[in-house]
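Dear colleague,

Please find the structure below, followed by a short account of what was computed from it.

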Amino acid sequence: MPNLWILIIIGVVAVMGFVGARQRALSSGQGDIRNLHSLPSFYGTNAMLAGLIPSLVVLALWTAFQPLVIQSSVTHIIEADQELSDGQLSLAMTDVRRIATGLELAIETGRLDLNQVMDMRADVTDVRPLLGEMGVAVGSDVTPRDLDAAQRFVAMAQTGNLLKTVLVIALSVLGTAFAFVRTSAVFRARNAVERVTMALLIAAASIAILTTVGIVLSMIVNTVEFFRLYPATDFFFGTRWNGTSQLGVLPLLWGTLYISVIALIVAVPIGLFAAIYLSEYASPAVRSFAKPALEVLAGIPTIVYGLFALLTVGPFLLRVFGSGGTFGVDWMSGATAVITAGVVMGIMLIPFVSSLSDDIINAVPQAMRDGSLGLGATPSETIKQVVMPAALPGIVGAILLAASRAIGETMIVVLGAGAAARLSMNPFEAMTTVTTRIVSQLTGDADFTSAQALVAFALGMTLFVITLALNVFALYIVRKYREQYD
Amino acid sequence: MYDEPALESKVTNKDIKIAARNVQVFYGDTHAIKDVNVEIQDKTVTAFIGPSGCGKSTFLRCLNRMNDTIDICRVEGDILLDSEDIYDKRVDPVQLRAKVGMVFQKPNPFPKSIYDNVAYGPRIHGLAKNKSDLDEIVEKSLRRGAIWDEVKDRLHAPGTGLSGGQQQRLCIARAVATEPEVLLMDEPCSALDPIATGQVEELIDELRDSYSVVIVTHSMQQAARVSQKTAFFHLGNLVEYGETSQIFTNPVDSRTESYITGRIG
């Protein structure tokens, strides 16, 4: 039975459980809800959750793990026949899966029944045209070994699905029934629902944390693999990068940091001043219009900023600083440069800085401002000497978060900064960053097990460590000084 | 319970420091203060009493134009400080607030050191010529705030680390450091325990020597203890204004009597 039907059935059982338990609670309280421990809907919700949660969990796990189990079992059949390399094995498995899909289709459409499929023999029946009929094209004639494996595949899947259906529906019915039986006027349904709610929230939080751990682990494995092929000292201290034989990270890190610093030089003053204006000076009318308008900037996809860098800012800077430009200096030779990407990235970060800072400045108690104004300070003195120092930890946190974003930014750099990895102080030269090199190393046609491709993971790991350190530092600063003015 | 009559007769002859004429205050459409006339004397403690929401804090905040910071607030009528209209266009509210200091309901020390808290006003207004001058002002102000002995060994510790009563006395010292002529206090003891309240009240009594002090309070005992003049506000009206002893012993208006005897409030 397909999962959709299973879901519908457990859904119906859950709704029935809700209605039933609610009714049972009401009748056990002689129709007066004041005789019940909890409101009737809590009894209903309790029964509903008791049926839904175990069955949904089992359904999800079973659906996720069944293919893995079948796969490994079928792989044994193929490997028993002859020794195969990894590549050959995966090719053979693909064939088996295709045949199995065809057979399953044949059963589903009623062309054959399960027994007929199981009795099929490659030397007797011509399987290929049958599969073709089902819309599954197989490259060559089906070998007995493959058919055997496919039959095993189909059989296991059939049994597995049947078991899954029975188990899930049984769990759903049993869980609901259990909760239904427990429903009585004295049963603390509200507390039970509360505990389940907490468990759900914990599960949500754990998923986020486990994902982070998973990402780190998957990167670590590949990074270690890379360092087996390429010496770590050459990677960390190498000053040259050509993407193939020389994989020194320093020029990329330099490009990343240089562009990020320029971005922050643009974004921090503008964003901070905008935040100060919005939170301290702007009238409610201006604020209600300007704040969302500023935050629209944050909603623009970075690729659009990249286009802006490529088509507008780069050529403009070239006209100003290039040969024959406004200033009569010849500092810039192409539109793609560190400064182009930095400025545009800075523009991208303005709403980020201003929005966070605005919230932080608003969180400074009004009593601080009153105290300062009451001593005869002007608004700007108040901001400079009282509001800003009080808000500083939060603002530093906001800036560090903006810095992490700048370091991780890719699209603007691809389009705005060029692709040359070099260690140079000149902001009008093209440079490149860690993120763009990760993209180019992985999208090339290099073998996925070579150092050229694996270096992407080492780069990603480096970047991850840097931004993680920045975020931790930002959190530390924010926490340390948070409650200073309370 | 009350100050002795000899003191009373002495203060009644003092100069008028602040005079309010036909003052109306509006918050949007709400008429918060209705036609208030009052004359506040120099070197006197004047108490504003009345039930919550009667407008006494609002009126207090008019006296140093702190209401300017509220967008929807509108003030009409004249308020004269030393015979000059403080709502005149030529008056800089910032200068005015340096002359008319304010202490708030909740202690609000800045997140700075004790020293910097007190030095804040003098620094802004350039009252100190050099460092030793500033040190002197800080010490003098902390002494006036009756907190010097408690903090002299930790002037560079954060002001937020003090107890509530110490914080409030620090805020008073901070206000005094700017050398105002009038000190406005908006329920300065409402967040303090009885001991700290006693210390602040003693302090207010000492401050009377140099300043005109206006205090808003919910405690009638406090008004009776610290003030020479009392104004009773009710529903935005100034109901009665006179010598504290007279207000508390022999009020003219029946509403005043009801309030101080606890029948309305």
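Chain B of this predicted model carries 31 positive and 39 negative side chains, and the centres of the two sets are 3 Å apart. Lys and Arg count as positive and Asp and Glu as negative, with His and the chain ends not counted; each charge is placed at NZ of Lys, CZ of Arg, CG of Asp or CD of Glu.

In secondary structure, chain B comes to 11 helices and 10 strands, taken as DSSP runs (helices H or I, at least four residues; strands E, at least two). The radius of gyration of chain B is 18 Å, close to the 18 Å from the globule rule for 265 residues, so chain B is as compact as a globular protein of that length. That radius is taken over C-alpha atoms, and the rule is 2.2 Å times the number of residues to the power 0.38. Of the 265 residues in chain B, 57% are buried (under 20% relative accessible area, 1.4 Å probe, protein chains only).

Turning to the interface, 23 residues of chain B are in contact with 20 residues of chain A (heavy atoms within 4.5 Å). The two chains bury about 1800 Å² between them, 63% of it on carbon and sulfur atoms; this is the accessible area (1.4 Å probe) lost on being put together, summed over both. Pro111(B), Tyr120(B) and Ile124(B) supply 30% of the area that chain B buries against chain A, more than any other three residues.

Residues are numbered from 1 along each chain as its sequence is written, and chains are lettered from A and ligands numbered from 1 in the order in which they are written. Local features need pLDDT of at least 70 and side-chain atom pairs count only at pLDDT 80 or more, while totals for chains, interfaces and linings use all residues; side-chain values use heavy atoms, with hydrogens and water left out.

Yours sincerely

How values were computed
Buried < 20%, exposed > 50% of the residue type's maximum accessible area, 1.4 Å probe, protein only.
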